[in-house]
Amino acid sequence: MAVMWKSECCGGEKCTMCGAPAVAKVGEEVMPDDPYRNRHNLTAYVCETHFRQIFKDPGVDWLNEARQQVIDRRG
Ligand SMILES: [Zn+2]
């Protein structure tokens, strides 16, 4: 299981679903045909368990690899 990177912005934040310490913030993408397009997208801090419940381990691995590729390109 890949180790998740955690932003300092999650410090002190709690998972919206269970109250455990947050490791990520997830957000909804507002689509161009949304009837309330000018609204703010739904966002939520989540713990690692709930992040993995949403994205599954392959999704977490993909995210880690994509993040590292961006970091490597900037280095
Ligand atoms: Zn949680």
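The site of the zinc ion is tetrahedral, with angles of 103 to 115° among its 4 donor atoms, where four donors count as tetrahedral if all angles lie between 85 and 135 degrees. The model is a predicted one, in which local features need pLDDT of at least 70 and side-chain atom pairs count only at pLDDT 80 or more, while totals for chains, interfaces and linings use all residues. Residues are numbered from 1 along each chain as its sequence is written, and side-chain values use heavy atoms, with hydrogens and water left out.

The zinc ion is coordinated at 2.1 to 2.4 Å by Cys15 (SG), Cys18 (SG), Cys47 (SG) and His50 (ND1), donors being N, O and S atoms within 2.8 Å of the metal (3.2 Å for Na, K and Ca). The spacing of these donor residues in sequence is C-x2-C-x28-C-x2-H. Distant parts of the chain are linked by the pair of Cys15, in the segment before β1 (24–27), and His50, in helix α1 (residues 48–74), which lie 35 residues apart; helices (H or I, at least four residues) and strands (E, at least two) are DSSP runs, numbered from the N terminus. Both Cys15 and His50 are buried, that is, under 20% relative accessible area, whereas exposed means over 50% and partly exposed in between (1.4 Å probe, protein chains only).

The structure holds 1 aromatic pair, for which ring centres of Phe, Tyr and Trp (its six-membered ring) must lie within 6.5 Å, planes under 30 degrees apart counting as stacked, over 60 as edge-to-face and the rest as tilted. Phe51 and Phe55 form this tilted pair, at 4.8 Å centre to centre and 40° between the planes. Phe51 is buried, with a relative accessible area of 5%, whereas Phe55, at 39%, counts as partly exposed.

Key
Four donors count as tetrahedral if all angles lie between 85 and 135 degrees; four count as square planar and six as octahedral if opposite donors are over 155 degrees apart and all others between 65 and 115; anything else is irregular.
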